[in-house]
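Visitor: I have a model open and would like to know what stands behind the terms used for it. Could you walk me through some of them?

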Amino acid sequence: MARIRIATDSTSDLPAALLREYDIAVIPLKIIFGEEAFRENIDLTTKEFYEKLAQAEKLPATSQPSPGEFQEFYEELTKDGSTVISIHISSLMSGTCQSAKIAQSVLSDRDITVVDSRLVASALGIVVLAAAKAVKAGKGKEEILQIVQKMIENVKAYFVVDTLENLEKGGRIGKAAAFLGGMLNIKPVLTIDEGLIAPFEKIRGKGKALERLVEIAKNFANTHGNVRCVLSHANVLEEAVKVHEKLGTELQCTELMLADVGAVVGTHAGAGTVALFFYEAALEDQLLA
């Protein structure tokens, strides 16, 4: 039976330790400051990115891997005959999936499946990690793809941004355009709906908006039982730690990870973003049993 490799892109924001532990292959997206292009987490760390962002006169651009880069990536992963399940950022937010599918079609003699997660950031990371856990549990390709689909349908994503300006300028604002205008001290709580950034609620003041994130997760846990959570932040560790502590004391959370919003996602969401991703613990346990 062929070995199964799980692949993703750098917008999954998975910590390096988990990538190593679960043997997850990552293709980087690029961040472009002026004439300089940096591969995420290779040429530029998350810390270095936020330092450059704070000094930049103009918002950087981002760029997906080319079909040629994906072809090289897949050739390396499949050279020993491995099967590849490649799970990526929503095709409605990035051309990454399209590049992957072009490479897949060129390498039609290889066993490569490209999955459009319709998610981004740690929501994508959660799905990728579940797939990698399924590989470790000895699941076959079709079963892993079913697990991936089920996780995609069940991961919840909510986030608070300091401003909608970055999302608007970067063309990633999606349905959240409804929240533009009249935003004085109003902090938008956003979600992901059908692969796009979407409005959820307007809250007055960031502190209350962050409390609302906790409340949303608590309401879900009250109905569905224990949850697993990832709390991500874009260079606002102090704020995130307070929310993390609140989640730890108020939520039935069997796992609570604190993570960074990476450079590519951070370019569009903006510094100051705090995001909460969660899902039903029992569902994952059942799928991986």
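Guide: Gladly! Let us begin with helix 2 (residues 46-55), whose buried residues are Thr46, Phe49, Tyr50 and Leu53. The model is predicted, so local features need pLDDT of at least 70 and side-chain atom pairs pLDDT 80 or more, while totals for chains, interfaces and linings use all residues. Residues are numbered from 1 along each chain as its sequence is written, and side-chain values use heavy atoms, leaving out hydrogens and water.

Visitor: How do you know that the buried residues of helix 2 line one face of the helix?

Guide: Seen down the axis, they fall within an arc of 95 degrees, so they line one face; the arc is that of the directions from the helix axis to the C-beta atoms. On the other side of helix 2, Lys47 and Gln55 are exposed.

Visitor: Why is Ile126 called buried?

Guide: Buried means under 20% relative accessible area, exposed over 50%, and partly exposed in between (1.4 Å probe, protein chains only). Ile126 has 6%, so it is buried. Its place is in helix 5 (residues 121-136).

Visitor: What makes helix 3 oblique to helix 4?

Guide: Helix 3 (residues 67-78) and helix 4 (residues 96-106) pack at about 55 degrees, with their axes 8 Å apart. That angle makes helix 3 oblique to helix 4, because angles under 35 degrees count as roughly parallel, over 145 as roughly antiparallel, 65 to 115 as roughly perpendicular and the rest as oblique.

Key
Axes are lines fitted to C-alpha atoms, for helices over the stretch in contact, and angles run from 0 to 180 degrees between N-to-C directions. Helices (H or I, at least four residues) and strands (E, at least two) are DSSP runs, numbered from the N terminus.
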